[in-house]
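The following note collects comments on the model shown below. Each point takes up one topic.

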Amino acid sequence: MEAVALAAPFERMFDEVPEWLLTPASSHRVLPRLGQYTTLVRIRTVDGLEGIGEAYGLPEPRVTATIVGHLLAPMLLGRDAGASEALWELMFGAQAGAGRTGGFYLEAISGVDLALWDLRGKAAGLPVHRLLGGPVRTSVPVYASPIPFLPTTAESAERALSFLDDGFHAVKLKLGRGEATDLAHAAAVAAALDGRKPGAALHVDLNCAYDVRTAIRLGHALADLGVRWLEEPLATDDVAGLAEVRAAVRIPVVTGESEFIRYRYRDFLLARAADVVMPNLARAGGITEARRIAALCSAFHVDVSPHGVGSAIGLAAALQFAAATPNVPIYEYNRLPNPLRDDLAPRPSLVDGALVVPDEPGLGITLDEDLIAHYEVFRA
């Protein structure tokens with residue numbers, strides 16, 4: 001086993017990094033987004049197979065790489081690589097007395113789990129979605145994300161139209177700059193979408209910017225504009241507040257990209273606080289835990305829409321998972337500049353607003369080793 005921290009700083013992509021890229025959302029105002037990061041996990045078996053996985057890399061990929069290389073690898077080496085469920089429980093149980101339900105440790109587990117599923121698929125000669133009982137779909141509807149904090153409403157509208165031109169049927173707009181500014185940008189984007197492609201869906205993401213009263217007031221105004229998705233209006237741990245917002249607004253309420261495991265999603269489900277949850281497979285326990293989260297959500301008639309931030313590996317894993325999971329209606333296809341997502345492996349095809357699911361064995365992708373070497377900053 002090995003873990004490789006990869007970093008693609010924005011300063012290497014641009015002569016002058018645009019301000020909106022450093023703070024594409026309200027949550028980045030304190031900790032600016034300086035680049036794209038991920039932790040590549042490799043697991044090799046004695047018979048020569050290699051599985052690849054991704055541990056969530058933000059904000060520092062060397063942390064998860066260290067956990068994989070120095071904590072998880074020693075407990076897994078020599079064991080049966082096909083027993084992914086048993087190995088997940090082994091890793092999770094090892095931290096029972098030291099915090100295990102979130103943070104870097106669970107992100108490291110996620111990367112290992114994805115690599116183990118990739119291995120299982122390659123050993124069987126099947127794509128992972130076949131091992132999961134799919135496909136229930138061979139292409140996954142997606143929305144383009146995000147329209148970031150651009151300076152003017154005209155620029156926001158222009159970015160939305162560029163996504164339509166690229167073949168998307170839905171887009172997501174970042175909000176959280178104050179009610180008046182938010183509504184001005186949302187109105188401009190809604191009008192642009194309606195003028196170019198009536199029926200195109202507008203999602204909004206508030207990135208935890210508001211309190212309950214403001215979120216409800218804003219939710220009513222956004223509903224009048226035809227917005228179809230209200231994401232993270234409150235602090236991520238305000239379960240009761242989110243339930244209050246959901247009961248008051250007409251737009252589906254979405255949360256969960258910052259959550260890690262089924263126990264936390266259970267709290268939102270029991271409180272009737274969400275219509276859709278957004279686990280990121282590279283941080284919420286991999287495919288093994290994502291399946292549990294989806295099954296739990298199905299019992300509450302709640303949908304699952306995987307969070308789309310990460311590399312080509314996380315993208316491939318999300319598509320395999322979505323292909324086999326009935327209650328996944330749509331996936332977030334992040335379109336911020338990211339060579340670790342767009343160049344690390346061949347991009348999936350976008351056809352009629354949906355990404356075609358890879359049908360090759362495992363996660364269905366082959367990595368560009370030269371690009372890995374170019375962006376490597378640490379190995380464990």
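Where is arginine 137 found? Arginine 137 lies in the loop between helix 5 (128-131) and strand 4 (139-147); helices (H or I, at least four residues) and strands (E, at least two) are DSSP runs numbered from the N terminus.

1. Basis of the values. This is a predicted model, in which local features need pLDDT of at least 70, side-chain atom pairs count only at pLDDT 80 or more, and totals for chains, interfaces and linings use all residues. Residues are numbered from 1 along each chain as its sequence is written, and side-chain values use heavy atoms, with hydrogens and water left out.

2. Arginine 137. This residue is buried yet has no salt bridge. Buried means under 20% relative accessible area, exposed over 50%, and partly exposed in between (1.4 Å probe, protein chains only); a salt bridge requires a side-chain nitrogen of Lys or Arg within 4 Å of a carboxyl oxygen of Asp or Glu. The nearest side chain of opposite charge, aspartate 303, is 7.9 Å away. The side chain of arginine 137 does reach the backbone oxygen of alanine 322, at 2.5 Å. Not counting residues up to four places away in sequence, arginine 137 touches Ala322, Ala323, Thr325, Pro326, Val328 and Val357, where contact means heavy atoms within 4.5 Å.

3. Cysteines. The count of disulfides (pairs of cysteine sulfur atoms within 2.5 Å) comes to zero. Cysteine 208 is in no disulfide, and the nearest cysteine sulfur, that of cysteine 297, is 18 Å away, too far for a bond. Cysteine 208 is partly exposed, with a relative accessible area of 30%, whereas cysteine 297 is buried, at 0%.

4. Nonpolar cores. A nonpolar core is a set of buried Ala, Val, Leu, Ile, Met, Phe, Trp, Tyr and Cys residues joined through side-chain atoms within 4.5 Å. The largest has 94 residues, and those with the most contacts inside it are Leu202, Val204, Leu222, Leu230, Val245 and Leu367. Helix 12 (residues 312-323) supplies the largest share of this core, 10 residues. A second, separate core of 24 residues includes Ala3, Tyr105, Ala115 and Leu116.

5. Leucine 222. With residues up to four places away in sequence left out, leucine 222 touches Leu175, Leu183, Ala186, Val204, Val227, Leu230 and Ile251.

6. Alanine 157. This residue belongs to helix 6 (residues 153-165) and is buried, with a relative accessible area of 13%. Beyond four places in sequence, alanine 157 touches Ala188, Val189 and Ala192. The C-alpha atoms of alanine 157 and tryptophan 117, 40 residues apart along the chain, are separated by 40 Å.

Note on methods:
Lys, Arg positive; Asp, Glu negative; His and termini not counted. Polar contact = N/O pair within 3.5 Å; in protein donor to acceptor, adjacent residues only side chain to side chain.
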